[in-house]
Amino acid sequence: MKLRFKIWRQENSSAQGELKSYDVDGISEDMSFLEALDHLNEELVRKDEPVIAFEHDCREGICGQCGVFINGRAHGPHDHMTTCQVHMRSFKDGDTITVEPFRAESFPVIKDLVVDRSAFDRIIEQGAYISAKTGTAPEANAIPISKEIADEAMDMAACIGCGACVATCKNASAALFTSAKINHLNKLPQGKSEAHHRVLNMTQQMEIEGFGSCTFTGACEVECPAGISLKSIAEMNARYMKAKIFG
Ligand code: FES
């Protein structure tokens, strides 16, 4: 396949960025999207031009590092998929593909397609953990958890923190991410003792970081690779009210 990539180039967070066009030949439809970017970078190396900076780690939908906007959608043309899971057969020979970094004030561009998502880390630091005494691992069946609760907590734990929810939201809201992290632990008996503290502190940090408010447009649940639904945000809001009243 022969494709034209229009890719956002930006030297650093304070430089002005722009879209630059690259005509690339020899793309196989079996390549992943990141392999196509590798292919382009190899050509740039051969021409002694600066390579395109983009993030990746696992390349199998687990780590959440590879988020970019492809033709105006977070993680590309498919629902519930990371960028590394997109294959070039999703495009046609001769297509023009526009690739941009995730756009949100709380995710400043570091270079080209790489954004700083450390705002998520700071939200995590405010309560996405349980405080436990050190020592040997407790007996696995010491605290029975029903299958239903275990499944629900596991669904929330599936959030990979990729940031697509923020990037696709017109308000740049981090409510889907934050709610998944809160609900995951607040559902479980091990997370109950710090439940109120967790929801109040993590939502407060979300606001400090400058993320917008959720207006339930639902764009986030379409792009979320883990399929986390808007119900998670409704649940977080209910937990927040309870914590405000009883916390
Ligand atoms: S590189 Fe890990 S999710 Fe895409």
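**Figure 1. Pairing of strands β3 and β5 in the predicted model.** Strand β3, residues 69–70, and strand β5, residues 96–100, run in the antiparallel sense and are joined over two bridges. Within this pairing, I70 has V99 of β5 as its bridge partner.

**Figure 2. The open sheet to which β3 and β5 belong.** The sheet has five strands, arranged in the order β2-β1-β5-β3-β4. Its pairing is mixed. Which strands stand at the edges? They are β2 (18–24) and β4 (73–74). Each of these has a single partner strand, so one side of each has no neighbour in the sheet.

**Figure 3. Helix α1 on the sheet.** Helix α1, made of residues 33–46, packs on the sheet and touches β1 (3–9), β2, β3 and β5. The direction of α1 makes about 80° with that of β1.

**Figure 4. The crossing of helices α5 and α6.** A pair of packed helices is described by the angle between the two axes and by the distance between them. Here the helices are α5, residues 175–186, and α6, residues 195–208. Their axes come within 10 Å and cross at roughly 165°. An angle over 145 degrees counts as roughly antiparallel, and α5 and α6 are therefore roughly antiparallel to each other. Their crossing is right-handed.

**Figure 5. Residues in the contact of α5 with α6.** From α5, the contact is made by A175, T178, K181, I182, L185 and N186. From α6, A195, R198, V199, M202, T203 and M206 take part. How many residues of each class does the contact have? Seven are nonpolar, three are polar and two are charged.

Terms used: Residues are numbered from 1 along each chain as its sequence is written. This is a predicted model: local features need pLDDT of at least 70, side-chain atom pairs count only at pLDDT 80 or more; totals for chains, interfaces and linings use all residues. Side-chain values use heavy atoms; hydrogens and water are left out. Axes are lines fitted to C-alpha atoms, for helices over the stretch in contact, and angles run from 0 to 180 degrees between N-to-C directions. Helices (H or I, at least four residues) and strands (E, at least two) are DSSP runs, numbered from the N terminus. Angles under 35 degrees count as roughly parallel, over 145 as roughly antiparallel, 65 to 115 as roughly perpendicular and the rest as oblique. A crossing is left-handed if the near helix is turned anticlockwise from the far one by less than a right angle, and right-handed if clockwise. Contact means heavy atoms within 4.5 Å. Ala, Val, Leu, Ile, Met, Phe, Trp, Tyr, Cys and Pro count as nonpolar, Asp, Glu, Lys and Arg as charged, and the others, Gly among them, as polar. Two strands pair if DSSP finds at least two bridges between them.
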